[in-house]
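This report describes one protein model, topic by topic, for a reader who is new to structural terms. Please keep the sequence and the structure in view while reading.

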Amino acid sequence: MEDELVSILEGLNYPVFKQGTMNQEEGYPDSYFTFKNMNTIGDSFYDNEEHKTVWLFIVAFYSNNPELVNTELLKAKSKLKEKGFIVSGKGYDVESDEPTQTGRGIAVKKIEIL
């Protein structure tokens, strides 16, 4: 599921990083996506077996261009929804380690039928 998420985000032509994997010594790109798997839970139990898995990710977009922070996150939302991800709302502000950048995040869910 993570590979599918990354592939969709990379299709928007920005670097994509798993949260916590960026090397601050190399510097930050001007704009980029990050993601984190917040939870992966079982669902639809019958006959004592799990028949679905619900994946929950946080996707964030950071940029030194404040206009892109909103527009690119909403583009990502649209692309993710096209591929069957569940995404609601328009996101929320996220903190940045880099003082020249701002960010917005959004919760993304995907239901995997086993």
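## Accessibility and the basis of the model

A residue is called buried when its relative accessible area is under 20%, exposed when it is over 50%, and partly exposed in between, as found with a 1.4 Å probe on protein chains only. By this rule Asn23 is partly exposed, because its relative accessibility is 36%. Asn23 belongs to the loop between β1 and β2. Its C-alpha lies 26 Å from that of Thr71, and the two residues are 48 apart in sequence.

The model is predicted, so that local features need pLDDT of at least 70 and side-chain atom pairs count only at pLDDT 80 or more, while totals for chains, interfaces and linings use all residues. Residues are numbered from 1 along each chain as its sequence is written, and side-chain values use heavy atoms, with hydrogens and water left out.

## Confidence and elements

The predictor states its confidence in each residue as pLDDT, on a scale from 0 to 100. For this protein the mean pLDDT is 93, and 100% of the residues reach 70 or more.

Helices (H or I, at least four residues) and strands (E, at least two) are taken from DSSP runs and numbered from the N terminus. Which elements have the lowest and the highest mean pLDDT? The lowest value, 91, belongs to strand β2 (residues 31-46), and the highest, 98, to strand β4 (residues 86-87).

## Salt bridges

A salt bridge is counted when a side-chain nitrogen of Lys or Arg lies within 4 Å of a carboxyl oxygen of Asp or Glu. The whole structure contains four of them. One joins Lys18 to Glu2, with 3.3 Å between the closest N and O atoms. This pair links distant parts of the chain, since Lys18 is in strand β1 and Glu2 is in helix α1 (residues 2-10), 16 residues apart. Both partners are partly exposed: Lys18 has a relative accessible area of 37%, and Glu2 has one of 27%.

Another salt bridge is formed by Lys75 and Glu72, at 3.0 Å from N to O. Both residues lie in helix α2 (residues 66-82), three residues apart, or about one turn of the helix. Lys75 is partly exposed at 43%, whereas Glu72 is buried at 6%. Arg104 and Asp93 also form a salt bridge, in which the closest N and O atoms are 2.8 Å apart. Arg104 is in strand β6 (residues 102-113) and Asp93 is in strand β5 (residues 92-94), so the pair ties together parts that are eleven residues apart in sequence. Arg104 is buried, with a relative accessible area of 15%, but Asp93 is exposed at 62%.

## Aromatic pairs

Rings of Phe, Tyr and Trp (its six-membered ring) form a pair if their centres lie within 6.5 Å; planes under 30 degrees apart are stacked, those over 60 are edge-to-face, and the rest are tilted. The structure holds seven such pairs. Phe17 and Tyr32 are edge-to-face, because their planes stand at 80°, with ring centres 5.8 Å apart. Phe17 is in strand β1 and Tyr32 in strand β2, 15 residues apart, so that distant parts of the chain are linked.

Is Tyr32 buried or exposed? Tyr32 is buried, at 2% relative accessibility, while Phe17 is partly exposed at 22%. Tyr32 also pairs edge-to-face with Tyr28, at 6.0 Å centre to centre and 80° between the planes. Phe17, Tyr28, Tyr32 and Tyr62 make up one aromatic cluster.

## Residues with positive phi

Most residues other than glycine have a negative phi. Asn13, which is not a glycine, has a positive phi of about 65°. Asn13 is placed in the loop between α1 and β1 and is exposed, with a relative accessible area of 70%.

Asp47 is not a glycine either, and its phi is positive at about 55°. Asp47 is found in the loop between β2 and β3 (49-63), where its relative accessible area of 71% makes it exposed.
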